[in-house]
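Good morning, and thank you for making time for this presentation. Please bring up the sequence and the model on your screens, and I shall begin with one definition.

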Amino acid sequence: MVAAEWMSRLRTAATQGDAKSLYMGRGFSLGASAAAHAAVPLFVVSAGLGVVAGTRAVPSYGLTVGTRTDDAIGPRMTGGIDSAAWWRTVTGGPFSMQWQSVVEVGGLVLIALSQAYAGLIAEDLSAMNPIDVRRMRFFGTGLDQVLPAALRSSIMPYDARLDALWPGTRTDFAQRALAHFAKAVVHSEDPADDAAAVSRALQDHRAPERIERPRAGDDVLIMAIRRHLRATSGIGRILRRLREQDQIACEQRRFTRLYHAAVQQGAVQ
């Protein structure tokens with residue numbers, strides 16, 4: 001019922017702009033930058049729309065297979081989400097293209113994924129021609145636990161040492177790894193050779209010590225944001241102050257929502 005209702009809404013939804021302009025956040029910006037650097041097309045794996053070309057006009061929407069946001073689809077479905085069934089539905093919708101159209105562009109296909117999104121597309125990729133799969137390179141943490149055995153040799157072996165080369169957060173790890181690979185690793189047609197090249201790039205580095213920051217409730221975070229608004233503005237600057245000065249953890253999507261709420265309330269006097 002939920003999937004059918006979603007398809008019905010998509011078929012009548014007005015588009016708001018192209019996909020590459022719709023998605024925000026550091027992770028997406030890293031992926032877009034890597035595509036621009038390599039002068040190749042950008043595609044989006046979207047839980048709501050399927051496989052979408054960056055230039056495709058799409059509607060504005062809020063839906064994810066993640067579990068930590070208000071846009072999560074799983075809690076809306078009785079018994080939780082059947083990822084494979086949901087993906088078959090959205091890839092048959094009005095905005096999705098098929099993976100074959102992506103690989104026909106030529107060259108390597110670099111794919112940054114969380115575990116949740118890897119589970120979403122695993123069945124699709126398993127059905128592809130092994131020659132096409134050989135041209136794919138996957139980036140993310142724990143993907144070997146989700147992707148089928150036939151795809152695991154194409155997972156690039158990035159680990160916490162990437163933080164020494166390209167600092168960031170856990171949530172943008174996959175995109176940082178993809179960007180580093182696109183910009184700093186000499187590629188080949190053999191995934192084993194590329195995995196070895198990644199290992200060589202990491203071998204002289206150590207993972208920085210990661211600070212474990214406590215999580216705080218919405219009210220506490222809004223108050224902290226309002227306090228920082230007295231001296232500065234801008235989502236990025238205040239998020240850094242929360243993490244570095246206050247030592248408070250906050251996921252970027254959640255922070256964006258709370259930042260706008262704090263701005264509406266005004267700075268603490």
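A residue is called buried under 20% relative accessible area, exposed over 50%, and partly exposed in between, with a 1.4 Å probe and protein chains only. This is a predicted model, in which local features need pLDDT of at least 70 and side-chain atom pairs count only at pLDDT 80 or more, while totals for chains, interfaces and linings use all residues. Residues are numbered from 1 along each chain as its sequence is written, and side-chain values use heavy atoms, with hydrogens and water left out.

Let me apply that definition to Ala-39. Ala-39 counts as exposed because its relative accessibility is 70%. Ala-39 is located in the loop between α3 (26–38) and β2; helices (H or I, at least four residues) and strands (E, at least two) are DSSP runs, numbered from the N terminus. Although Ala-39 is not a glycine, its phi is positive, at about 55°.

I turn now to the chain as a whole. There are 14 helices and six strands in the chain. Of its 269 residues, 40% count as buried. The chain exposes about 14300 Å², of which carbon and sulfur atoms supply 50%; accessible areas come from the Shrake-Rupley method with a 1.4 Å probe, and for residues only the protein chains shown count as cover. Among contacts in the chain with a separation of 6 or more, 68% are between residues 24 or more positions apart, where contact means heavy atoms within 4.5 Å.

Next, helix α6. Helix α6 covers residues 115–126, twelve residues in total, and its first and last C-alpha atoms are 16 Å apart, close to the 16 Å expected at 1.5 Å a residue. That expected span is 1.5 Å times one less than the number of residues. Which residues of α6 are buried? They are Tyr-117, Ala-118, Leu-120, Ile-121, Ala-122 and Leu-125. These buried residues pack against β2 (43–46), α4 (83–90), α5 (99–103), α7 (130–133), β6 (136–139) and α8 (149–152).

Apart from neighbours within four places in sequence, Ile-121 contacts Val-45, Trp-87, Trp-99 and Leu-113. Between Ile-121 and Leu-147, 26 residues apart in sequence, the C-alpha to C-alpha distance is 8.7 Å.

Strand β6 brings us to Arg-137. Is this residue buried or exposed? Arg-137 counts as buried because its relative accessibility is 0%. Not counting residues up to four places away in sequence, Arg-137 touches several residues, including Leu-108, Ile-111, Phe-181, Glu-189, Asp-190 and Asp-194. The C-alpha atom of Arg-137 is separated by 8.7 Å from that of Leu-178, 41 residues apart along the chain.

Ser-154, which Arg-137 also touches, is in the loop between α8 and α9 (162–165). Ser-154 counts as buried because its relative accessibility is 2%. With residues up to four places away in sequence left out, Ser-154 touches Val-133, Met-136, Arg-137, Phe-138 and Pro-191.

I close with a helix pair. Helix α12 (residues 218–228) packs with helix α13 (residues 235–244) at an angle of about 115°, with the axes 10 Å apart. Axes are lines fitted to C-alpha atoms, for helices over the stretch in contact, and angles run from 0 to 180 degrees between N-to-C directions. The contact involves Leu-221, Ala-224, Ile-225 and His-228 of α12, together with Ile-238, Arg-241 and Leu-242 of α13.
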